[in-house]
Amino acid sequence: MLNLKKTALAVIALGSTAAFAGTMGPVCSAVNVTVPCENTAWDLGGRALYLQPSVNAGILNQATFTVPSNATNARTYSTYTTGSNPKWNWGFQLEGSYHFSTGNDFNLNWYHFRGSNNFDLAAPVTVANAAFVSGGGAEASSLTVNDFVGTANSAWDQVNMEFGQHVDFGENKFARFHGGMNFSRVNASGSASLTDSYTLLGNTNVFSNSRSTTASTVYNGFGPRVGMDLNYDWGNGLSVYADGALSVLAGSTKSSKSNYSVYTSPSSAVAGNPYQGTVSTSANNVVGELDGKLGAMYTYAMAQGDLSLDVGWVFANYMNALSDIDGKEADFGIQGLYFGLKWVGNVA
């Protein structure tokens, strides 16, 4: 009887253990983190960029002309040299990489962009009975603004030198961690010009004046760069990715502004004609830079390597990189669409 009780208790204990174990649910295993097998390869690629630049708060002083400057009913014509709604323009990116060892690579890439806007704000505008006092003290009877044009320009160059490490997270997810150096140059500039003419009461002479202004600010910087590229492989050659990087750049910001004024007829209308003045400043500046990409890629395997087509969105921002001659600082930003090709060829 005693042996029977012991046997029964043992069976109950085993059953209870099995019951409690069943409530724990399935046991998950960690995903293996691996690096690729040792391999040597080269790749070359290029992308077309369609980008829009931006500069905060009209950092370049707007080119403003009040015609005439001391009129009782003067009219003011203005254009922002880097104003709102800048045009989209084309640029490019070139890159090349050397892949070696177990997922290591050395990558060199260059982004290049030039943009330009043109304005024509008044041509011509006539102000009858202008009732202003000219520089010579006589009252004018009429004023004509013959032409007012402006041009805004922007430029961006970024050269990155990166050392990377490819890491696999399971079968369809992988990342590339990289570090290196970044050299960047960003520029915003603009110009505007105005020609006008007027007559004086009791005087048959037509006085003509030509005025112009130009402004520019440019930053050059160099410093360390770190980042990470995340990729997800959907299969059948299709993948999506998100890349991001941060740089700290040490460099200098140079700014300048010039004004020019001349009476073309008659040339003796104003003492000291023509007038020209230029102001320039330069300052050392440490700038934080952030850039990233979101895109999709299709890879086609060929006998002599892999050919990849990718498309996506790119952006970059330089914090307080630019300034005007008065010391007002502003970010330089750029963003837009890109598409391109890359070829990867293994080295036997």
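Let's start at Val186. Val186 touches Ala155, Trp156, Thr217, Val218, Tyr219, Tyr318, Ala321, Leu322 and Phe332, leaving out residues up to four places away in sequence. Touching, or contact, means heavy atoms within 4.5 Å.

A word on the ground rules. This is a predicted model, where local features need pLDDT of at least 70, side-chain atom pairs count only at pLDDT 80 or more, and totals for chains, interfaces and linings use all residues. Residues are numbered from 1 along each chain as its sequence is written, and side-chain values use heavy atoms, with hydrogens and water left out.

Back to Val186. Val186 belongs to the largest nonpolar core, which has 22 residues. Such a core is a set of buried Ala, Val, Leu, Ile, Met, Phe, Trp, Tyr and Cys residues joined through side-chain atoms within 4.5 Å. Buried means under 20% relative accessible area; exposed is over 50%, and partly exposed is in between (1.4 Å probe, protein chains only). Trp156, Val186, Tyr318 and Phe332 touch the most other members. Several strands give two or more residues to this core, among them strand 2 (41-55), strand 9 (173-200) and strand 14 (329-346). Strand 13 gives the most, with 5 residues. Strands here are DSSP runs (E, at least two), and helices are too (H or I, at least four residues), numbered from the N terminus.

Stay with strand 2. Asp43 sits there. What is the nearest side chain of opposite charge to Asp43? Lys342, 4.7 Å away. Asp43 is buried, yet has no salt bridge. That term needs a side-chain nitrogen of Lys or Arg within 4 Å of a carboxyl oxygen of Asp or Glu. Among the residues that Asp43 touches are Glu95, His99, Lys342 and Trp343.

Ser101 has a positive phi of about 55°, although it is not a glycine. Ser101 lies in the loop between strand 5 and strand 6. Asn320 also has a positive phi of about 55° and is not a glycine. Asn320 is in strand 13. Ser101 is partly exposed, at 30% relative accessible area. Asn320 is partly exposed, at 36%.

Finally, confidence. pLDDT is the predictor's confidence in each residue, from 0 to 100. The protein averages 80, and 70% of the residues score at least 70. Where pLDDT is low, the predicted coordinates should not be read in detail.

Notes
Lys and Arg count as positive and Asp and Glu as negative; His and the chain ends are not counted.
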